[in-house]
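Me: I would like to go through a structure with you, starting with the ligand. Here it is.

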Amino acid sequence: MKISPNHPRFRSLETRERLVRGFQSGIVAPQGLIAHGRGEAFDYLFGETSPKSSELATKTAVAFLLRARNPVISLNGNTAALVPRDIVRLARSIPAGLEVNLFHKSLARERKIASLLKRNGADQVLGVDARARFRIQGVASARRSVDAQGIGDADVVLIPLEDGDRAQALRKTGKVVIAIDLNPMSRTSRAATVTIVDNIIRAIPELLRVTLRMKRLSRSRLGDIASEFDNQRNLARAMKDMMHYMQGWT
Ligand code: PTJ
């Protein structure tokens, strides 16, 4: 479907089209379309703009990523379909590894996602046909199986659109978990070390912009930024951002 850029909800409609095309080409799981609808509902309650609380979370996430020994970005179908170019740029600028890790596991989809990322500039994509598999304890889904050199060894993991189980299990292994989730009340949001409550279509380009700016900071300054952050307090701010937007309608 061709959408006019003059349509008042152009960005939202265009995002839906990307996901539908991603589904048709075997990148997005059918359940990914439903998950996006859930995200959209929350995005609506933020006025489809980045809430103020996401600024501090983004800055803190970048501090953790730039200080990490082995940072890894975990990718599912929705993320690959919506922000393929910017996620590869982000991985390069940190630099961080890219690992495909699917909830609805499918080897065909893993391969399609990896080739999409390679067409967008990725040199290496982990998690596909991985020989060295590592199991995360306490995860009921196929997501428990990760690359031993990637998420298995990572000290900091960025997880856009994750399920609560694995976010909690990754935390239990002592890793720093950075989530991107439009729902500030989700188990993922509450379990993460840092939660960016925002839409990935805005959050990933913003992470890239802030990374390029913060690369100049010293390790100790990055450490200060990371240690000052309180995720539960920032999630409460995200709820206030949402209520503030809704109050404008009453
Ligand atoms: O490709 P796969 O097999 O790994 O599957 C991916 C999905 C997304 C289907 C899978 O991870 C899943 O079922 O996710 P959930 O448990 O439905 O969680 C999705 C979370 O992401 C929800 O809390 C949504 O509010 C949120 N969400 C959805 N779309 C966006 C989003 N958050 C940020 N940006 C979005 N565009």
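Me: How far from an oxygen atom of the ligand does a polar side-chain atom of R109 lie?
Reply: The distance is 2.6 Å from a polar side-chain atom of R109 to an oxygen atom of the ligand. This is a predicted model, in which local features need pLDDT of at least 70, side-chain atom pairs count only at pLDDT 80 or more, and totals for chains, interfaces and linings use all residues. Residues are numbered from 1 along each chain as its sequence is written, and side-chain values use heavy atoms, with hydrogens and water left out.

Me: And which atom of I200 lies 3.0 Å from a nitrogen atom of the ligand?
Reply: A backbone N or O atom of I200 does. A polar side-chain atom of R38 also lies 3.0 Å from an oxygen atom of the ligand.

Me: How many residues surround the ligand?
Reply: There are 21 (a heavy atom within 4 Å of the ligand), and the closest are G77, F103, H104, R109 and N199.

Me: Is W249 buried or exposed?
Reply: W249 is exposed, because its relative accessibility is 67%. Y245, at 32%, counts as partly exposed. Buried means under 20% relative accessible area, exposed over 50% and partly exposed in between, with a 1.4 Å probe and protein chains only.

Methods:
Polar contact = N/O pair within 3.5 Å; in protein donor to acceptor, adjacent residues only side chain to side chain.
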